[in-house]
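Please read them with the structure open.

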Amino acid sequence: SHELNIFSLDYNKLISTTAEFDAIRENNPALYVSMRDQFVPSMGYTFTYVSADFHRNRIWLQTTFKQAGNLTSLVYAIGGKDFKEKDKKMMDTPFAQYLKATAEFHNHIKITNRAYFAYRFFGGVIYSYGNSTTAPYADQFYVGGANSVRGFTARALGPGSYRSSQAKFAYMDQTGDVKLEVNAELRARLFGDLHGAVFVDAGNVWLLRKDELRPGAEFSSASFDHVAVGTGLGLRYDLDFLVLRFDVGMALHAPYETEKKGWYNIPKFSDGLAYHFAIGYPF
């Protein structure tokens, strides 16, 4: 299937903030830019392929492309403003300008009538340019959580080997321009409508531009040394019209330095447990 979004206009506006939020934003210029008031005029295209039901091993593939701000910047260029000029405004509000591309692949391999092996690959990149140096916060990538690297909670990783010193608000800093992730599950029917799963997840996010306030966050040849890995067990109850899911994730390797050396660098086993209640399969 093909889906073309001819035009979409999003408007981001911070209505009110707290003193703690303002302090974090002032100490992180990139975070400030990504969360400031801005227009996001965009176009997008999505291609999805799903193999037919009669295939024993079904695959699912989806690629998405999105661009924001190019037409608006072209209009300004015709009006005499340089294409690379920063902070051009639309109705007195800066507009975002970036390209975003993602690709996701799933495969389900049938083993028996009661069990199958499923895996997923995901890759994505956002490149901000022209009127922007950072994409809007809502469009940036993150890892961790019920549908990602389940040994960690949502937005608890990255970018790269960076680890925020402000544990309470760390999730605000832990987004990136590049995302790579792989997930694998062995799924089996236990009895009745109850299913079980054993899974392994790995992935992280990185930045395309160097950020002095987030050392180790930039994507480079060493980035694959900074990949989070987790495993775990799950139960799923299939009600036909929806699936109730409970996963227990166990972190195996954190991409940042911890007090414990070696590949298994989780200080305590209990520190590496993450519990996820969700609806539907993770992929």
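1. Tyr 11 stands opposite Phe 39 in S2. The strands involved are S1, residues 2–12, and S2, and they pair in the antiparallel sense over nine bridges. Keep in mind that this is a predicted model.

2. From S2 to S3. These two strands run antiparallel, joined by nine bridges.

3. Strands S7 and S8. S7 covers residues 115–128 and S8 covers residues 178–191. Their pairing is antiparallel, with eleven bridges. Val 125 has Val 178 of S8 as its bridge partner.

4. S9 takes in residues 194–206 and pairs with S8 in the antiparallel sense over 13 bridges. Leu 186 has its bridge partner in S9, namely Val 198.

5. The model holds 15 salt bridges. One of the pairs is Arg 120 with Glu 181, at 2.9 Å from N to O. This pair links distant parts of the chain, with Arg 120 in strand S7 and Glu 181 in strand S8, 61 residues apart. Are the two partners buried or exposed? Arg 120 has a relative accessible area of 7%, so Arg 120 is buried. Glu 181 is buried as well, because its relative accessible area is 4%.

6. Glu 185 and its partners. Glu 185 forms a salt bridge with Arg 150, and the closest N and O atoms are 2.5 Å apart. Here too the pair links distant parts of the chain: Glu 185 sits in strand S8, Arg 150 in the loop between S7 and S8, 35 residues apart. Glu 185 counts as buried because its relative accessibility is 0%. Arg 150, at 1% relative accessibility, also counts as buried. Glu 185 meets Arg 187 in a salt bridge too, at 2.4 Å from N to O. Both Arg 187 and Glu 185 are buried.

7. Which residues do the shared partners bring together? Salt bridges that share partners join Arg 150, Glu 185, Arg 187, Asp 201, Arg 236, Arg 245 and Asp 247 into one network. I would show this network as one group in a figure.

8. Asp 139. This residue is found in the loop between S7 and S8. Is Asp 139 buried or exposed? Its relative accessibility is 12%, so Asp 139 counts as buried. Leaving aside residues up to four places away in sequence, Asp 139 touches Lys 66, Tyr 98, Lys 100 and Ile 126.

9. A nonpolar surface patch. Leu 99, Val 125, Tyr 127, Leu 208, Phe 219 and Phe 224 form a nonpolar patch on the surface. Together they have about 530 Å² of accessible area. Val 125 is also the residue whose bridge partner in S8 is Val 178. Phe 224 has its place in the loop between S9 and strand S10 (228–238). Phe 224 counts as exposed because its relative accessibility is 54%, and the cut-off for exposed is over 50%.

10. Pro 267. This residue lies in the loop between strand S11 (243–253) and strand S12 (273–279). Pro 267 is partly exposed, with a relative accessible area of 35%. Its contacts, not counting residues up to four places away in sequence, are Thr 258, Glu 259 and Lys 260.

Terms used: Residues numbered from 1 in each chain as written. Predicted model: local features only at pLDDT ≥ 70, side-chain atom pairs only at ≥ 80, totals over all residues. Heavy atoms only, no water. Pairing = 2+ DSSP bridges. Helix = DSSP H or I, 4+ residues; strand = E, 2+ residues; numbered from the N terminus. Patch = residues over 30% accessible without salt bridge, like charges linked within 9 Å, V, L, I, M, F, W, Y side chains within 5 Å. Areas by Shrake-Rupley, 256 points an atom, 1.4 Å probe, with all protein chains shown as cover. Salt bridge = Lys/Arg side-chain N within 4 Å of Asp/Glu carboxyl O. Buried < 20%, exposed > 50% of the residue type's maximum accessible area, 1.4 Å probe, protein only. Contact = heavy atoms within 4.5 Å.
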